[in-house]
Amino acid sequence: MELTRLEEFEQKLGYTFKDKDLLIEALTHSSYANESHHTRNSNERLEFLGDSVLSIVVSEYLFEECTDYPEGELSKTRATLVCEKSLAKFAEQIDLKEYIFLGKGELSNGGKNRPSIISDAFEAVIAAVYLDGGFEAAKKYVLRFIPENVEEAAAKEYDDYKTVLQEIIQKNPEESVEYELVSESGPAHRRTFTVDVMLNSNVIGTGTASSKKRAEQLAAKEALKLMGALPDEH
């Protein structure tokens with residue numbers, strides 16, 4: 001029965017283990033391992049390794065794909081992508097919680113739905129893939145989840161400059177602000193957008209980024225600096 005479940009989980013992972021024991025360990029919570037009749041290792045050591053592998057993969061991806069992000073925003077975006085909440089969300093896509101081995105007490109206390117347990121198991125699975133198939137296999141697995149979440153993660157880590165600018169402009173009903181796409185360039189997978197923000201048809205800020213939404217935010221940020229609403233080093 002256990003083997004069938006493991007094979008079912010492997011299909012959801014998109015990876016078949018040569019060493020099934022690695023996968024079993026990755027899915028074994030300490031509460032299960034500590035029960036007297038079980039002789040398994042918990043996934044805690046694998047979680048430690050998986051955390052590092054995840055960080056390297058995400059860092060490399062952001063460095064190569066988000067070329068307009070300064071170091072500070074790269075760090076903040078990475079932190080958001082690898083936080084407990086994000087990992088638990090990624091784990092939902094592969095129904096990870098249904099395959100974690102939990103002790104009876106932890107299971108009865110709702111451990112199956114606890115984000116900390118699920119996110120730790122997610123990192124442990126990354127480590128198991130890494131040890132079983134190497135870095136490229138782990139990278140391929142991790143990148144199933146990262147690209148589509150980068151923009152959302154980045155948006156959470158910088159202020160909503162457009163909203164702040166709009167609130168300032170609204171204090172003067174006769175004035176209006178709008179955004180205009182000035183240019184876009186680059187191949188389809190790596191576009192660069194430049195946007196102007198205009199106050200009554202006068203350009204007051206320009207932003208260039210890998211998405212139109214981000215370019216608009218950066219244009220608004222520049223406008224806020226010009227207006228003295230932000231310090232230049234912000």
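Helix α6 (residues 84–92) packs against helix α8 at an angle of about 75 degrees, and their axes lie 8 Å apart. Axes here are lines fitted to C-alpha atoms, for helices over the stretch in contact, with angles running from 0 to 180 degrees between N-to-C directions. The angle therefore makes α6 roughly perpendicular to α8, a label for angles of 65 to 115 degrees, whereas those under 35 count as roughly parallel, those over 145 as roughly antiparallel and the rest as oblique. On the α6 side the contact (heavy atoms within 4.5 Å) is made by E84, L87, A88, F90 and A91, and on the α8 side by P115, S116, I118, S119, F122 and E123. By class, this contact has seven nonpolar, two polar and two charged residues. Ala, Val, Leu, Ile, Met, Phe, Trp, Tyr, Cys and Pro count as nonpolar, Asp, Glu, Lys and Arg as charged, and the others, Gly among them, as polar.

The model is predicted, with local features needing pLDDT of at least 70 and side-chain atom pairs counting only at pLDDT 80 or more, while totals for chains, interfaces and linings use all residues. Residues are numbered from 1 along each chain as its sequence is written, and side-chain values use heavy atoms, with hydrogens and water left out. Helices (H or I, at least four residues) and strands (E, at least two) are DSSP runs, numbered from the N terminus.

Setting aside residues up to four places away in sequence, V125 touches F9, L13, A26, L27, L96 and Y141.

In α9 (residues 135–142), the buried residues are A137, A138, K139, Y141 and V142, and they pack against α1 (2–13), α4 (44–65) and α8 (115–133). Residue A153 belongs to helix α10 and counts as buried because its relative accessibility is 4%. Leaving aside neighbours within four places in sequence, A153 is in contact with T77, T80 and L81.

The strands come next. Strand β1 (residues 177–185) runs antiparallel to β2, joined by eight bridges; strands pair if DSSP finds at least two bridges between them. Residue E178 stands opposite M198 in β2. In the hairpin of β1 and β2, with six residues between the strands, G186 takes a positive phi near 95 degrees. Strand β2 (residues 192–199) is mostly covered, with seven of its eight residues buried. Seven antiparallel bridges link β2 to β3 (residues 202–209), and D196 has T206 in β3 as its bridge partner. The hairpin of β2 and β3 has two residues between the strands, and N200 takes a positive phi near 55 degrees there.

Notes
Buried < 20%, exposed > 50% of the residue type's maximum accessible area, 1.4 Å probe, protein only.
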